[in-house]
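User: I am new to reading protein models and would like to learn how to approach this one. Could you take me through it step by step?

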Number of protein chains: 2
Amino acid sequence: MTPKQSLLKKISNNTEVIGIIGLGYVGLPLAVNFAEAGIQVIGFEKSKEKAELVNSGKNYIGDIRDAVLREVVVEKLKLEATTDFSRMKECDALIICVPTPLDKFRKPDMSYIESACIDIGCNMKTGTFISLESTTYPTTTENFMLPIIEKESGMKHGDDFWLAYSPERVDPGNKEFHTRNTPKVMGAMTEDGMEIGEAIYTKAIDSIYKVSSPRIAEMVKILENTYRLVNISLINELALLSGKMDINIWEVIDAAKTKPFGFQAFYPGPGIGGHCIPLDPFYLEHIAKQYDFDLSMIHSAGHINMRMPHYMYIKISTALNSQQKAVNGSNILFLGVAYKPNIDDARESPALEIMDITAHKGGLVSYHDPFIPNVKTNKGRTFNSLELSKETLQNADCVVLTTNHKDFDTEFIKEYASLIVDLRNMITDGNEQVVKL
Amino acid sequence: MTPKQSLLKKISNNTEVIGIIGLGYVGLPLAVNFAEAGIQVIGFEKSKEKAELVNSGKNYIGDIRDAVLREVVVEKLKLEATTDFSRMKECDALIICVPTPLDKFRKPDMSYIESACIDIGCNMKTGTFISLESTTYPTTTENFMLPIIEKESGMKHGDDFWLAYSPERVDPGNKEFHTRNTPKVMGAMTEDGMEIGEAIYTKAIDSIYKVSSPRIAEMVKILENTYRLVNISLINELALLSGKMDINIWEVIDAAKTKPFGFQAFYPGPGIGGHCIPLDPFYLEHIAKQYDFDLSMIHSAGHINMRMPHYMYIKISTALNSQQKAVNGSNILFLGVAYKPNIDDARESPALEIMDITAHKGGLVSYHDPFIPNVKTNKGRTFNSLELSKETLQNADCVVLTTNHKDFDTEFIKEYASLIVDLRNMITDGNEQVVKL
């Protein structure tokens with residue numbers, strides 16, 4: 001039997017072992033989905049703390065139900081986590097779900113992918129299927145990963161292992177679409193790789209959409225998130241102009257939505273947060289330079305997004321000024337630091353940056369977020385969430401609505417806050433004490 | 001009875017007379033819709049030729065069925081056209097559907113609206129409802145139209161007449177959504193105006209969506225079309241990069257479309273044409289300057305769009321070069337000059353600009369379009385549509401697919417063309433003789 005036949009046989013017998021590298025908001029739900037389907041899963045995680053949480057059946061990802069994780073780990077023994085990467089040799093498939101952040105100069109930080117590829121090359125057995133799920137620039141799989149894995153392993157792609165790219169599409173907090181029922185795009189380097197990849201993923205994902213190469217799949221993911229960055233930046237820019245023109249942009253968007261074709265609504269806000277939209281397009285901008293190409297739409301969109309927290313600070317300062325107060329020495333309370341509503345994730349959250357700017361200008365900054373008990377800003381400031389009480393609101397010279405958590409009681413906030421800067425259109429009745437984005 | 005009560009009574013008795021100013025692709029369908037509803041309509045048109053066509057029941061707008069126009073004009077006598085603008089005094093409502101183009105320096109050309117307002121001011125009777133449908137920058141209705149009408153008429157808004165803005169959303173060639181079943185946004189300057197406007201429009205349009213002011217409605221229309229300009233420009237820019245990276249952008253878009261949330265597909269092409277998308281956003285850019293505001297997203301999008309015909313010329317030149325031919329002296333046949341498929345409209349069509357560039361460089365340019373027998377380019381070159389025969393295709397050194405009319409037989413084209421530049425993804429099987437956008 002060839003390595004391919006041997007692997008396909010294991011898959012058809014449900015005896016394959018899946019390794020998931022990185023147990024974050026992408027890797028852990030995927031691991032759980034495989035385990036739920038009765039497949040043996042090993043999660044590889046550099047953080048000893050996370051690995052121990054998983055192994056004791058304790059969940060730390062909002063989109064996974066605690067009971068489901070406990071069941072697949074503790075009762076069914078289908079999922080275990082390890083920090084021992086040599087155990088990759090037990091796996092028939094290795095799926096990489098590591099972060100691809102930007103560095104301080106907003107350039108792609110490929111170190112997590114590189115590290116995963118070295119671990120794989122040093123440890124995998126012959127006949128392993130490898131898939132990358134992390135967002136990255138087109139050509140990464142073929143031109144960046146493949147040489148590392150071949151060099152470290154001494155194996156040859158197509159004979160000894162198969163490489164594919166299949167981007168995650170996880171939308172944290174989305175109640176309708178989760179890992180299993182979101183169609184998954186996959187591009188493998190060879191037809192064999194595609195056949196194996198489809199057989200593997202089909203157990204955890206309802207629908208696999210095959211494309212002709214990894215670079216097509218890489219571009220798909222970048223297009224999806226660039227579309228969002230560009231449209232959010234566009235509506236943010238129009239919101240800023242609308243503010244100057246005495247036009248309520250929220251009313252404009254609601255009316256535009258009545259167009260039954262050719263329009264999709266995006267909403268303004270204090271900036272773009274999370275782990276995808278503010279980052280992914282810049283992976284493309286980075287590789288484009290290698291092709292002597294300048295991506296002006298992404299560049300403009302990135303510029304607007306980068307400036308949004310500063311503009312929001314100006315909104316706060318202007319609102320206080322109208323009450324003859326300065327930012328310097330005023331109590332400024334931020335409601336919500338999560339980057340989007342009803343989740344506990346503050347990564348890249350614009351709220352943190354506005355808090356940094358405001359504190360830097362002498363504002364006495366505090367915050368409340370029902371999902372996030374404490375935060376550390378980019379500039380290293382740390383804050384603990386205050387209780388959202390009558391006193392907290394009354395003590396604030398300005399209350400800034402930065403995240404539209406559905407738990408926020410706007411009637412209560414309006415009753416006790418003397419000045420509100422509403423960056424999320426949470427307060428829709430006209431009110432003198434409310435300044436809107 | 002007040003003028004308002006008197007007008008509302010007429011409307012409830014179906015005895016109001018509606019005047020439509022400008023019988024183009026917006027005005028004539030609207031006029032027909034009112035007439036079909038049994039309302040008396042007078043169409044005001046500067047072109048004697050168009051007025052005579054209408055009055056003899058001859059249709060010249062693709063989205064109107066010839067029989068319907070003939071019926072309302074000839075049989076039911078509900079619609080007549082006139083070049084005599086003094087007859088505005090017979091009307092209870094005047095709806096302005098004139099062009100709002102850009103001038104040679106890409107600045108708003110407000111002369112058609114100004115002219116309509118002067119005609120109205122000079123001729124209307126007391127108690128007239130006035131609505132503008134043409135796309136324009138926010139504040140036009142309140143700050144540009146109102147002073148002209150009040151000055152010319154000597155009447156006072158709110159007492160003697162009512163002014164509103166209600167943007168057209170006509171999508172030529174759309175078989176599903178037409179004038180009547182596309183929800184219509186309307187913003188009037190007063191509550192009385194809104195009440196009257198709704199009573200009038202409801203007879204021709206199924207659903208009226210009311211907003212709080214004309215400037216909101218003005219911004220709605222600009223947002224809708226800016227959204228399209230920005231997204232088409234984005235995908236065009238990504239298409240150009242993809243060409244360099246050996247990535248098939250069409251395959252990328254088809255895969256991205258499988259994302260069941262947060263994505264809307266746009267397709268690349270040789271540039272943006274028609275009467276709305278390439279123009280409307282620059283109306284906003286124009287007024288933004290008055291508020292010391294620079295719209296970088298629109299600026300970038302406009303820049304890409306403006307350069308697309310040039311890039312397409314480079315595609316043609318590169319394709320010919322691969323066969324050791326120069327543009328200068330080669331026969332280059334363009335298939336399709338309409339700005340979008342299956343319509344007969346070449347306004348702002350990028351095909352015409354590519355033809356101009358190609359001819360300027362010495363290319364021997366010809367074209368075929370089943371809907372458009374002859375064209376005049378921006379630079380004043382005139383062409384007659386050739387028959388799409390075996391000989392026409394064989395004589396061409398390069399065939400350029402510029403519009404994806406559904407009548408085009410790609411198998412026939414492939415059989416006889418030696419070189420094809422496909423700017424619309426019409427030929428989807430891989431083929432050496434085909435160069436794709």
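User: How far apart are the centres of domain 1 and domain 2 of chain A?

Analyst: Domain bounds come from an automatic or database domain assignment, and for chain A this gives domain 1 (3–212) and domain 2 (306–436). Taken over C-alpha atoms, their centres are separated by 39 Å. This is a predicted model, in which local features need pLDDT of at least 70 and side-chain atom pairs count only at pLDDT 80 or more, while totals for chains, interfaces and linings use all residues. Residues are numbered from 1 along each chain as its sequence is written, and chains are lettered from A and ligands numbered from 1 in the order in which they are written.

User: How many residues of chain B are in contact with chain A?

Analyst: Two residues are in contact if their C-beta atoms, placed from the backbone, lie within 7 Å; here 52 residues of chain B are in contact with 52 residues of chain A. The largest share of chain B's side, 17 residues, comes from α8(B), where a helix is a DSSP run (H or I) of at least four residues, numbered from the N terminus.

User: How much of chain A counts as buried?

Analyst: A residue is buried if 20 or more other C-beta atoms, placed from the backbone, lie within 10 Å of its own, and 54% of the 437 residues of chain A count as such.

User: Which residues does A:Val399 touch?

Analyst: Not counting residues up to four places away in sequence, A:Val399 touches A:Leu333, A:Leu335, A:Leu393, A:Ile413, A:Ala417, A:Leu419 and A:Ile420.

Methods: Helices (H or I, at least four residues) and strands (E, at least two) are DSSP runs, numbered from the N terminus. A residue is buried if 20 or more other C-beta atoms lie within 10 Å of its own, exposed if 12 or fewer, and partly exposed in between; C-beta atoms are placed from the backbone.
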